[in-house]
Amino acid sequence: MTDFFELTKIRQSCRDYSDQPVEREKLVKCLEAARLTPSGCNSQPWSVVAVDDPKIAAEVAKTTAQLGVNEYIAKAKAFFIILEERAKLMPAVARILDSQYWAKGDLGAFTYALTLQAQELGLGTCILGVFDRPKLREILKIDNEKPIFMVVAVGYPADPKIRNKQRKNFDELVRFV
Ligand SMILES: Cc1cc2nc3c(=O)[nH]c(=O)nc-3n(C[C@H](O)[C@H](O)[C@H](O)COP(=O)(O)O)c2cc1C
């Protein structure tokens, strides 16, 4: 079992995948882990379209490449398409805040949980914010009203090398008082 801090260090955006297919059980475990993500008022403002059919995965990959940014994702074997659902907040909270006020943060935590569980299973992932939204909606028959939050590409990494992370220094990040 990988130590949590170690897991956060080895999780990285994977942009080159091997030809090995991803087992459905592993995808399910990632989703089960993400299902436990905390959210404001436990509103769970998410749902997922999980793609592991090779033909559909290839079509989804094309929607991420069309804008000239994510061509390298073509070899990913599976995708999680994370959708933003309406959040039902507790009445006392709903009087103060818009229903979706916390949703993006909740969805970010959900997305990260997916990637960490995938990493623990030996899978590579890449969170993709750039993709052709209308085309993706068309392929996966996603309601026009439902925001597509993020796409997560999944597959076995072609190269197991772990890169150094570029991050803010600790002192820039935090101020203890
Ligand atoms: C909201 C969001 C959107 C992202 N969109 C893309 C993307 O479209 N293409 C891509 O290659 N990486 C994308 N990334 C990955 C980031 O570039 C990456 O997480 C960051 O550079 C840190 O590198 P690491 O994930 O390897 O630690 C995205 C990450 C996030 C959180």
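Trainee: Where do I start? Which elements are there, and in what order do they run from the N terminus on?

Mentor: Start by listing helices and strands. This is a predicted model, and its chain has seven helices and four strands. From the N terminus on, they run α-α-β-α-β-α-α-β-α-β-α. The radius of gyration is 17 Å, close to the 16 Å that the globule rule gives for 177 residues, so the chain is as compact as a globular protein of that length. Along its principal axes, the C-alpha trace spans about 50 × 45 × 30 Å.

Trainee: How many of the contacts join residues at least 24 apart?

Mentor: Take the contacts between residues at least 6 apart in sequence: 81% of them join residues at least 24 apart.

Trainee: And what should I look for inside the chain?

Mentor: Here is the general idea: in soluble globular proteins, nonpolar side chains tend to be buried together. In this chain, buried residues make up 30% of the 177 residues. The largest nonpolar core has 37 residues, and those touching the most other members are Ala76, Phe79, Ile82, Val152, Ala153 and Val154. Elements giving two or more residues to this core include the helices α2 (24-35), α3 (54-65) and α5 (103-120), along with the strands β1 (46-51), β2 (78-84), β3 (124-128) and β4 (148-155).

Trainee: Which residues does Ile82 touch?

Mentor: Leaving out residues up to four places away in sequence, Ile82 touches Trp46, Val48, Leu107, Phe110, Thr111, Phe149, Met150 and Val152.

Trainee: How do I read a strand such as β3? Is β3 mostly covered or mostly open?

Mentor: In a regular strand the side chains alternate between the two faces of the sheet. For β3, count its buried residues: four of five, which leaves the strand mostly covered. Then look for its partner. β3 pairs with β4 in the antiparallel sense, over five bridges.

Trainee: What about backbone angles? Which phi does Cys41 have?

Mentor: Most residues other than glycine have a negative phi, and most peptide bonds are trans. Cys41 is not a glycine, yet has a positive phi of about 55°. Gln44 is not a glycine either, and its phi is positive at about 45°. Cys41 sits in the loop between α2 and β1, and Gln44 is found in the loop between α2 and β1 too.

Trainee: Why does Cys41 count as partly exposed?

Mentor: Count the C-beta neighbours: Cys41 has 18 inside 10 Å, so it counts as partly exposed. Gln44 is partly exposed because 17 other C-beta atoms lie within 10 Å.

Trainee: Can we try a residue in another loop?

Mentor: Ser18 counts as partly exposed because it has 14 C-beta neighbours inside 10 Å. Apart from neighbours within four places in sequence, Ser18 is in contact with Gly155, Tyr156, Pro157 and Ala158. By contrast, Arg175 is 157 residues away from Ser18 in sequence and 42 Å away in space, C-alpha to C-alpha.

Notes. Residues are numbered from 1 along each chain as its sequence is written. This is a predicted model: local features need pLDDT of at least 70, side-chain atom pairs count only at pLDDT 80 or more; totals for chains, interfaces and linings use all residues. The radius of gyration is taken over C-alpha atoms; the globule rule is 2.2 Å times the number of residues to the power 0.38. A residue is buried if 20 or more other C-beta atoms lie within 10 Å of its own, exposed if 12 or fewer, and partly exposed in between; C-beta atoms are placed from the backbone. Two residues are in contact if their C-beta atoms, placed from the backbone, lie within 7 Å. A nonpolar core is a set of buried Ala, Val, Leu, Ile, Met, Phe, Trp, Tyr and Cys residues joined through C-beta atoms within 7 Å. Two strands pair if DSSP finds at least two bridges between them.
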